[in-house]
Each structure stands twice: as structure tokens, then as C-alpha cells.
Amino acid sequence: MENERKFEWSTGWGQEREQLPGKKIVITTVIFDLDDTLYDEVDYCRSGFSAVARFLHNAMRLPVWMSQEKIHETFWAHFQKGNRSQTFNAAMDELGLDYDEEVIASLVRLYREHHPKISLPRESRDLLEKLEKRYKLALLTDGFLPAQQYKVEALEISGYFAHILYTENLGRSYWKPHTKGFEMLLKKIHECPENCVYIGDNAQKDFIAPNKLGMSTIQLVRPNRIHQEAPGNPLAAPGTIIASLNQLPAALKRL
Ligand SMILES: [Mg+2]
């Protein structure tokens, strides 16, 4: 716990905002990112690989030794090695399975359209229940539909949020770091950016738009996170970094 507390620090960006004369920040609204913020995204990936492995095992004539588990393990091994864009191709090559681009496209579609077996960590549920008593909560998430909607459904979180904005509904060019999704969300929930804070994990894209609009920003650095890249420039940097959602209530009070 002590280590966790030591891990929280301000990057300096938020402090600059705080020091603007006459600009006392009053946070009324907490906006969350979804993947690797409220749950570990790798759990979704595992669930997707499992669905695709089940499909292949049922649909193809496979040698006896090639169990559903073996296919799943092969997907997972390539994913773990960092192959995030050609995972199915590489795994099927290794397993000696025939495929073409059409097969791969249908596996990707199956992955994105599967109903995931994921659940909200206790820590996240406790946090949302605590914060909803004090703040307005909202969710803004990038990613393919219906995948993101199925995640929200499986995690059973929609009831916590005044509004959920799926940037995919606006078009892929409006995924983060575009500001449009954030602006539309603010309009929906009738809030000014300076009263809002965005909590995300990805320092490459999550904080550019909220920083630009004048929101506070907090990065959660989960141990199992997928995106570990540092921010590309100071405008992409979060105001505060925390190592656990448990640190969020205190971090919000310090904004
Ligand atoms: Mg994320």
C-alpha cells in the first residue's frame, strides 16, 4: 500500500493548469476509458482467442492432436510475443492450417463480435460505487462495435454512467486522439471541460484531446496493461499518474 502511494505522482502538466490565476478546479465529473482502465484488456483478448479456437475446432477437420486448447495456446503464444496484427496468420502457419485472407477476415470478425467472458474486477466495482455518490460518471471508449458494447454488457457497468460515448459511432476518423467524441460527450452530460477529468491508460492517445479541451487527466498504469508506450510529447502527457484504481479517489481530491 505504501509503495502504491509512493507511485502516484503529478507529471507537472496538471500543476501548470492548477496555477492559472482565478482558475480553481472543481471536479464534478469523472470520465473513464474502458480497456485497461476498468478491467484488464488481456482478459478480453483471451476470451476472443478462446471463441475463435472453439470455432476452428468445430468447423475444420483437424488432426486428433489439435485440441481447442492447443489452438488457443498457439494464438496466445503469438500474442504474448507481441504479434498483435497477424496473430491468427502466425498461429495458423505454426499449426499447419490452410487459410486465405477471407478466412482471416472472418476470424477477426468472429473475435470482434463474440460475447466476451469477462467480469468487472471487485476493485473497479467498489470504486464506481464509491464515486457515483460524489461525481457524475461517464465513459468514452474507442474501438470496434459491437465489441465495445459487448464488453460493457459483460462487465455490467452501463448503470453507473450518465452517458457512454462510443467514438466508433462517429466514424473511425473520430477515434482518440480526436476531440469530437469528448466534445459530444460534454454536450450530452451538460458539463464544462474544466470540471471533468479523464481516466485512461494509453499515453499515446488518451490524453491529447482532453488536455487540449482543458480537462484534467489521470493515467492508470495497470501491471498487465497492453500499451506501455510513453507519451509522444508533453501535450499527450497525463497530469497525474496512478498505479491502482484504489488511488483514484485521493488523486481526484488533489486536483
Ligand atoms: Mg484503454
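The protein is divided into two domains, with bounds that come from an automatic or database domain assignment. Domain 1 covers 2-39 + 119-253, and domain 2 covers 42-113. The structure is a predicted model, in which local features need pLDDT of at least 70, side-chain atom pairs count only at pLDDT 80 or more, and totals for chains, interfaces and linings use all residues. Residues are numbered from 1 along each chain as its sequence is written.

The C-alpha centres of domain 1 and domain 2 lie 32 Å apart. Seven residues from domain 1 and five residues from domain 2 make the contact. Two residues are in contact if their C-beta atoms, placed from the backbone, lie within 7 Å. On the side of domain 1 that touches domain 2, five residues are nonpolar, one is polar and one is charged. Here Ala, Val, Leu, Ile, Met, Phe, Trp, Tyr, Cys and Pro count as nonpolar, Asp, Glu, Lys and Arg as charged, and the others, Gly among them, as polar.

Confidence is given by pLDDT, the predictor's confidence in each residue, from 0 to 100. The mean pLDDT of the protein is 91, and 91% of its residues reach 70 or more. Residues 1-6 have a pLDDT below 50, and this stretch has four contacts in the model beyond near neighbours in sequence.

Helix packing was examined next. Helices (H or I, at least four residues) and strands (E, at least two) are DSSP runs, numbered from the N terminus. Axes are lines fitted to C-alpha atoms, for helices over the stretch in contact, and angles run from 0 to 180 degrees between N-to-C directions.

Helix α3 (residues 41-59) packs against helix α6 (residues 101-113) at an angle of about 130 degrees, with axes 8 Å apart. The angle makes α3 oblique to α6. Angles under 35 degrees count as roughly parallel, over 145 as roughly antiparallel, 65 to 115 as roughly perpendicular and the rest as oblique. The crossing of α3 past α6 is right-handed. A crossing is left-handed if the near helix is turned anticlockwise from the far one by less than a right angle, and right-handed if clockwise. In α3, G48, A51, V52 and F55 meet L107, L110 and Y111 of α6. This contact has six nonpolar residues, one polar and no charged ones.

Helix α3 also packs with α4, at an angle of about 140 degrees and with axes 8 Å apart. That angle makes α3 oblique to α4. Again, α3 passes α4 in a right-handed crossing. Contact residues include F49, V52 and L56 of α3 and I71, F75 and W76 of α4. By class, nine are nonpolar, four polar and two charged.

Helix α4 (residues 68-80) and helix α5 (residues 87-95) meet at an angle of about 125 degrees, with axes 9 Å apart. The angle makes α4 oblique to α5. The crossing of α4 past α5 is right-handed. I71, T74, F75, H78 and F79 of α4 touch T87, A90, A91, E94 and L95 of α5. Six of the contact residues are nonpolar, three are polar and one is charged.

Backbone geometry came last. Most residues other than glycine have a negative phi, and most peptide bonds are trans. D36 is not a glycine, yet has a positive phi of about 65 degrees. D36 sits in the loop between β2 (29-32) and α3. The peptide bond from L145 to P146 is cis, with omega near 10 degrees. P146 lies in the loop between β3 (136-141) and α8 (147-155). Another cis peptide bond joins K176 and P177, with omega about 15 degrees. P177 belongs to the loop between β4 (163-166) and α9 (180-189).
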